[in-house]
Amino acid sequence: MAKPTFAMYWAASCGGCEISLLNIGEKILDVDAAFQVVFWPCVADFKYSDVEGYPDGYIDLCLFNGAIRNSENEELAHLLRRKSKTLVAFGSCAYEGCAPGLANLTTNAATMRTIYTDCLTTDETRDRLPQPLSMVPEGEIRIPVLYETVRALDQVVPVDYIIPGCPPEAHQIAAVIQAVISGVPLPAPGGKVIGAGTVAVCEECPLAKNVKQITRFYRPYELVPEPGICLLEQGLVCMGPATRSGCGALCPQVGMRCEGCYGPLDGQDQGARMLSAIASVVAAGGPDQDEAEQEHAIAAVMDTLADPAGTFYRFSLAHSLLRRVRVAEPGT
Amino acid sequence: MENHFQPIIVGFLCNWCSYRAADLAGTARIHYAPTMRPIRVMCTARVEPEFVLKALREGADGVLIAGCHPGECHYVEGNIKALRRFTLLKALLRQFGIEEARVQLVWAAASEGKQLAEAVDRMTEELRALGPLRWRETVLGEQPVARRMAEAEVGG
């Protein structure tokens with residue numbers, strides 16, 4: 001019997017997902033033994049035209065990482081959906097936009113200005129923007145069109161499964177791949193999250209929670225946290241309460257706040273949930289104060305939290321309720 | 001030129017005071033802008049930020065949250081918890097390019113029908129000046145379900 005076919009693709013991503021797959025250690029040999037790789041730009045020399053030549057549904061398992069940032073990403077999303085039996089949004093970018101999705105906090109024009117005009121270390125390439133069309137002796141070259149709004153994979157094509165994480169934890173990937181190889185039936189497809197928990201990170205975090213309230217927030221560089229105590233209660237914006245478990249609460253255990261990379265729990269908006277969680281640990285505004293004093297005291301605490309949108313939606317902005325910011329003049 | 005834009009305000013009203021204030025405004029025959037769609041909640045603390053974000057995404061031009069004056073909450077300090085959320089929500093909405101007047105928190109006791117009506121009138125005028133939000137169309141480039149339905153009804 002021919003081996004099942006395997007593909008992995010990167011759209012707008014950093015490449016960390018590819019590394020996380022290799023992080024499963026010697027189990028990668030099982031992957032090689034069980035699957036025939038038919039497309040994997042990071043490790044093997046296949047061309048897009050090879051994929052176009054495959055019959056529809058030829059790829060048994062396709063791990064798609066990366067957000068949809070430009071026209072090339074979108075084209076490959078449609079192509080790989082057509083050619084794949086099972087399409088998995090692999091990692092936070094494909095699932096919910098992740099760091100590329102933070103582009104939705106600004107505009108392409110502003111991004112380009114930062115990179116090609118305002119950046120201090122840019123010298124001879126200053127103000128030389130990428131051109132959509134270039135003429136060379138062999139003919140014309142077009143680069144992909146950069147979209148104004150970054151999208152997650154399931155906002156472009158239907159996705160069968162989601163493996164969250166930035167990047168997904170090796171033991172979670174290994175468990176899913178082991179299940180696929182051994183023929184254990186997966187849950188019914190339809191965009192279900194697999195390879196992750198169903199509770200918040202706080203539930204697997206061993207740090208002591210004393211239900212202590214706080215009066216100011218700290219950025220990570222401003223505070224060396226006391227070991228063994230909940231980071232949120234120490235004033236660090238730890239995303240644990242609003243984030244799906246599955247990682248084993250690795251970051252909080254070494255004193256680094258959870259940044260939220262496993263995304264929200266089912267049916268939640270990560271930023272909105274985090275906002276609620278923050279509001280419940282803030283002490284200001286006691287019932288003994290008058291209305292104006294309360295407002296002032298609460299505002300003073302909240303002002304110490306820099307960049308709520310970028311912090312709460314660091315990974316999930318493109319998949320959140322509002323998805324992107326509004327700009328007065330589109331395109332400026 | 002007269003501004004005929006009739007904004008849509010989703011109002012989350014506390015069961016113990018502001019919903020009764022709205023009731024009182026009705027029985028007292030107070031005339032005020034017919035722009036608010038009231039939703040009764042048990043407490044302003046029940047209003048999750050998600051409700052506000054979803055209302056704005058699905059076609060509301062503004063969201064009004066109304067509850068008991070601080071110190072008068074039926075659940076002792078639910079309204080203070082709402083105020084903490086609201087303060088941070090305002091900062092978040094600013095980053096999303098949503099004007100401050102679009103999401104407001106007011107206090108209206110059960111006897112303050114007039115004050116609630118005035119708050120709706122005032123907010124309506126502010127939203128008229130700002131114009132429609134239409135998040136799905138103007139920001140996401142989609143058609144909103146609610147407005148599509150309204151158009152279908154008008155078109156017969």
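Student: Which residues does A:Val156 touch, not counting residues up to four places away in sequence?

Tutor: A:Val156 touches A:Ile68, A:Glu74, A:Ala77 and A:Arg151. Two residues are in contact if their C-beta atoms, placed from the backbone, lie within 7 Å. This is a predicted model, in which local features need pLDDT of at least 70, side-chain atom pairs count only at pLDDT 80 or more, and totals for chains, interfaces and linings use all residues. Residues are numbered from 1 along each chain as its sequence is written, while chains are lettered from A and ligands numbered from 1 in the order in which they are written.

Student: Where is A:Val156 found?

Tutor: A:Val156 sits in the loop between strand 8 (146-151) and strand 9 (161-163) of chain A. Helices (H or I, at least four residues) and strands (E, at least two) are DSSP runs, numbered from the N terminus.

Student: Is A:Val156 exposed, partly exposed or buried?

Tutor: A:Val156 is partly exposed, because 17 other C-beta atoms lie within 10 Å. Buried requires 20 or more other C-beta atoms within 10 Å of the residue's own, exposed 12 or fewer, and partly exposed is in between.

Student: Changing topic, what is the domain assignment of chain A?

Tutor: Chain A has domain 1 (5-100 + 149-193), domain 2 (107-146) and domain 3 (201-319). These bounds come from an automatic or database domain assignment. The centres of domains 1 and 2 of chain A, taken over C-alpha atoms, are 29 Å apart.

Student: How many residues does the largest nonpolar core have?

Tutor: The largest nonpolar core has 137 residues, and A:Phe64, A:Ala67 and B:Leu64 are those with the most contacts inside it. Such a core is a set of buried Ala, Val, Leu, Ile, Met, Phe, Trp, Tyr and Cys residues joined through C-beta atoms within 7 Å. Helix 3 (residues 78-95) of chain B gives the most to this core, eight residues. Domain 1 and domain 3 of chain A both give residues to this core, so it lies between them.

Student: And how many residues of chain B are in contact with chain A?

Tutor: There are 25 residues of chain B in contact with 26 residues of chain A. On the chain B side, helix 2 (49-57) and helix 3 each supply at least two residues. The largest share, 11 residues, comes from helix 3 of chain B.

Student: Which residues meet where helix 11 of chain A contacts helix 2 of chain B?

Tutor: A:Ala272, A:Leu275 and A:Ser276 meet B:Pro49, B:Glu50 and B:Leu53.
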